Amino acid sequence: MTRAVGYGADPRIRFAEWLPWLAAVAAFFLLPDYLPLGARILTYILFALSLDLILGYAGIITLGHSAFFGLGAYVAGILAAKLGVTDPLLLLAAAAGAAGALGIATGAVILRTHGLTQLMLTLAIAAVCLEIAHKATSVTGGADGLSGVAIAPIFGAFKFDLYGKTAYLWCLALLFAGWWVTRKMIYSPFGATLCGIRENIVRMHAIGVPVYRRLLTAYAVSAMLAGLAGALLAETNQFVGLNVLGFEPSGELMVMLILGGVGRLYGAFVGPLVYLIAQDFLAKQFPEYWYFGIGLMLVLVVLFARGGILGIADAIVARARRYV
Amino acid sequence: MDVFLSSLVSVAFHGIAYGMILYVISVGLSVTMGLMGFVNLAHGAFAMAGGYVLTSVISRFGLPFPLALALAFIVVAAASVLLERWFYSRLYDAGELEQVLFTIGLIFMAVAAAQVAFGMLQRPVLLPPYLKGQISVLGRDFPAYRVFLIAVSSAMIAALWFGVERTLWGAMVRAAVDNRAMAQSIGINTRRLFTLTFALGSGLAGLGGALGAEIIAIQPTYPFEHLPYFLIVVAVGGLGSLRGPFAAALLIGVSDTACKYWLPQFGAFFIYVATIFLLLWRPAGLFGRRV
């Protein structure tokens, strides 16, 4: 299987890799009505990117990645709504820290297991988080959600406005930072060992790679990024609902990533973009058919197009090259 | 004291009924996972399908309850044969991720299809009059439906254990679970064995879903909502074993009922925490072999 990115490839940023950012900036000027949706898409891209790091590169299958996203959202939300911490940067740092700590604590445990047990543990951890958020109503608002999240202007200068301009750019800036970190990691020897662990864990043990430590590091970084994305969602929506936690958001995120393409960095960009735009147009009119379509798409991707949208694009380009 | 004792008996009774249902639904999952190494997250969809078959044939055609139960088993088992032949079998050699994604896709489709066909609301179960009342045992009254449920499940479980432990088919299944390549090389048609076992497991899930329709409400989100419980039963019990999931299902049934009765403010919290610690203590499950 050839991969578009990875250790051994030229680590310099290619021209095409700047295109998503150009498109995002262009969208800011050309589509002012869609900025709230845009901010949501950018947030989910960051979330999908965090999943791609552990699922696509390290090969850890998790059904509970929303635990970190939800924790980040609730940490930011509770700090802002109940404890009066309103500085957006501070909230992000707190959320990322909390999610990273949970990542290390749970990763230390689940990465010792594999197969069904691992799957089950990730699911159970996410379920515990959901139960806590659901039942600790005095802190989290329970099923009604956590409202009254007040956020101060960014750096004391840029207020979150009604049209979502600040929110969009704020999300874009953080996604850029997250992408930068993830890309650096993937193109480093560290990223190479992750791919090695995914492809052949026994051999990686044999050549002396500290497999467990590498996986734990990746898991913690991924958890921090997911927590960051969750906090972004809380800041831009100024509301946290129970739907950020549990099996369903984890599954939905996985769907987005698979749709774009797993283990290729930019699959995490394409997937949420296509998924959330389609959802915005279709899901409200035909909710049942929307879910059916999602399921059908997953099945088709698994059976026929394992590389997702980018995999299909690659295949088309490869075929076109043969004729040129 | 007597109040406490009677609530203790009641919790134990309801917990056992719930655990029996969990076992009948999940045992197929344990066997298919142990036999084929296939992570079938869509197992709950088969149980839901069984429940819908039961409620529809009773309300539309007025079939008697036991016949509807049998139909739930047959219809779900037959449908699962087609699914296994067309789709699942293509993914036996694929990675875990593909299997997980494929079956999550099936869940989404099943949920959506159920919404379109039956609506969002919970389907009521029309119980026959003989299952509605109470049965008095040792001076205490027990709901007849749950007594019936425990009796039927016990009979099913006894038949299943006999089949696996004492028949040629069971010996072949056990051989294939232990060592698939060796089983194949001595001439066991594992391909056909897989299909049959898959159908049996799915059929049992359908039967369990139908039988437990009063306890685990039949609604479109069923496969999502109850999936963690089915997986817990299998993971805690141990893959590929029959006794492990039985102990796990009873344990979960009773402790879940007890938690919901005495500590409702915590919901399912303790179950998940207990699962996490149990799996840390024994990653291969209570009765599983270390892989």
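Residues are numbered from 1 along each chain as its sequence is written, and chains are lettered from A and ligands numbered from 1 in the order in which they are written. Local features need pLDDT of at least 70 and side-chain atom pairs count only at pLDDT 80 or more, while totals for chains, interfaces and linings use all residues.

Student: Over which residues of chain A is the pLDDT below 50?
Tutor: pLDDT is the predictor's confidence in each residue, from 0 to 100. The mean for chain A is 87, and 98% of its residues reach 70 or more. One stretch has a pLDDT below 50, and that is residues 1–5. Where pLDDT is low, the predicted coordinates should not be read in detail.
In short, the stretch is residues 1–5.

Student: How many helices and strands does chain B have?
Tutor: Helices (H or I, at least four residues) and strands (E, at least two) are DSSP runs, numbered from the N terminus. Along the sequence the pattern is α-α-α-α-β-β-α-α-α-α-α-α-α-α. The count for chain B is 12 helices and 2 strands.

Student: Which helix of chain B gives the most to the side that touches chain A?
Tutor: Two residues are in contact if their C-beta atoms, placed from the backbone, lie within 7 Å. On that basis, 39 residues of chain B are in contact with 32 residues of chain A. Helices α4 (96–118), α10 (227–237) and α12 (269–281) of chain B each supply at least two residues of this side. The one that gives the most, with 17 residues, is α4(B).

Student: Is A:L265 buried or exposed?
Tutor: A residue is buried if 20 or more other C-beta atoms lie within 10 Å of its own, exposed if 12 or fewer, and partly exposed in between, with C-beta atoms placed from the backbone. A:L265 lies in the loop between α11 and α12 (267–283) of chain A. It has a positive phi of about 60 degrees although it is not a glycine. With 24 other C-beta atoms within 10 Å, A:L265 is buried.
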